[in-house]
Amino acid sequence: MRGKRLQQFVKGRRDHLDLSQEDVAERLEISARAYGNWERGRVQQWTDEKLYALAEALEMSEFQTSRLFLYAVGRAPQPDRRAIFRRTDAVDPATLAFLGDYSVMMEALPLPTFVIDQRWDVKMANQAYRDLFCGVRTHPTAMPGTNFLRFGLFHPDAPAVLVDHLKWQLAMLAQLASSLERHDEDTGLQAIRRDVYLHPALRDAYLKDMPNWVLGSGADLVHNEGAIHALRHPDPNIGIQGCRLVEETPRSVKALGLTRLTLVLVDAPARSRPEGYFSHDHHAA
């Protein structure tokens with residue numbers, strides 16, 4: 001069934017662009033016969049590289065790319081690191097080399113760390129970050145590897161990871177408002193706000209609860225590093241931990257409009273531990 005949907009989806013997109021199989025094959029720099037197999041789903045292994053290349057050849061939007069991945073491999077895409085380098089033509093070779101080394105360094109870190117742009121799209125994330133969300137079910141628009149704000153606000157599995165979820169949501173809504181103040185014309189941030197307004201409880205929290213919460217705590221998700229939230233790690237040997245979000249971005253990364261965040265895990269405050277915290281099933285959602 002998934003293979004049939006993939007075939008219909010890819011062919012439909014090609015037909016919409018009025019492209020022949022030969023046209024798409026030329027864009028992919030493969031033979032027309034090879035592309036025909038791609039379109040029919042006759043691929044021994046779909047890699048992220050192949051899927052991103054196909055999405056680019058068929059001029060797919062972010063949403064369409066997510067659908068492509070769901071149909072092909074049953075999951076949302078990991079961030080395309082190539083997108084970082086498309087932000088500007090002024091990136092010099094030394095900066096590109098630095099970013100490559102920076103990604104290697106991130107992978108070596110034991111704490112979950114990730115790099116976001118101004119709309120909180122995740123551009124790079126290390127294995128510890130991916131491990132933290134390994135039990136999260138596939139969602140078309142709110143995967144933690146795609147956009148951190150959307151995950152926390154809209155994903156049904158977010159409360160299983162982000163303990164005291166309402167507090168996380170208030171902090172994320174505050175960050176959304178702060179980001180919109182700095183980038184009011186960003187269509188991605190506007191889309192998140194629009195989806196918040198479509199959700200009655202989130203809309204009320206954004207318009208009423210969040211402003212009062214900010215007045216009382218002076219906190220947002222990034223700039224109040226004294227704030228500790230609680231999260232539940234899927235590893236039972238780690239379990240519920242406090243989480244301090246630390247922003248630490250070198251100039252070469254900041255110059256690209258990117259920010260690096262690290263989830264520093266500390267002992268969870270007692271008030272953040274739910275009833276039954278010490279029982280055997282305290283890791284269940």
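This is a predicted model: local features need pLDDT of at least 70, side-chain atom pairs count only at pLDDT 80 or more; totals for chains, interfaces and linings use all residues.
Is cysteine 243 buried or exposed? Cysteine 243 is buried, with a relative accessible area of 1%, where buried means under 20% relative accessible area, exposed means over 50%, and partly exposed is in between, using a 1.4 Å probe and protein chains only.

Residues are numbered from 1 along each chain as its sequence is written, and side-chain values use heavy atoms, with hydrogens and water left out.

Cysteine 134 counts as exposed, because its relative accessibility is 55%. If a disulfide is taken as a pair of cysteine sulfur atoms within 2.5 Å, the count for this model comes to zero.

Now to the overall picture. The protein chain has 14 helices and six strands, which are DSSP runs numbered from the N terminus, helices being H or I with at least four residues and strands being E with at least two. Of its 285 residues, 45% count as buried. The chain exposes about 14,900 Å², of which carbon and sulfur atoms supply 50%, the areas coming from the Shrake-Rupley method with a 1.4 Å probe, and for residues only the protein chains shown count as cover.

Turning to the sheet, the six strands form an open sheet in the order β2-β1-β6-β5-β4-β3, with antiparallel pairing. The strands at the edges are β2 (122-125) and β3 (162-163), each with a single partner strand, so one side of each is left without a neighbour in the sheet. Two strands are said to pair if DSSP finds at least two bridges between them. Strand β6, residues 259-266, is joined to β1, residues 113-116, by four bridges, and here isoleucine 116 has threonine 259 as its bridge partner in β6. With β5, residues 240-247, strand β6 pairs over six bridges, again in the antiparallel sense, and leucine 245 is partnered there by leucine 263 of β6.

Among the helices, I would point to α11, residues 165-182. Its 18 residues should span 26 Å at 1.5 Å a residue, and its end C-alpha atoms are 26 Å apart, which agrees; the expected span is 1.5 Å times one less than the number of residues. Because 14 of those 18 residues are buried, α11 is largely enclosed by the rest of the structure.

Finally, two single residues. Histidine 155 is found in the loop between α9 (148-154) and α10 (158-161), and histidine 155 counts as buried, at 4% relative accessibility. Leaving aside residues up to four places away in sequence, histidine 155 touches several others, including Val136, His139 and Arg150, a contact meaning heavy atoms within 4.5 Å. Tyrosine 71, in helix α5 (residues 62-73), is also buried, with a relative accessible area of 18%. Tyrosine 71 and phenylalanine 9 are 62 residues apart in sequence, and their C-alpha atoms are 8.5 Å apart in space.
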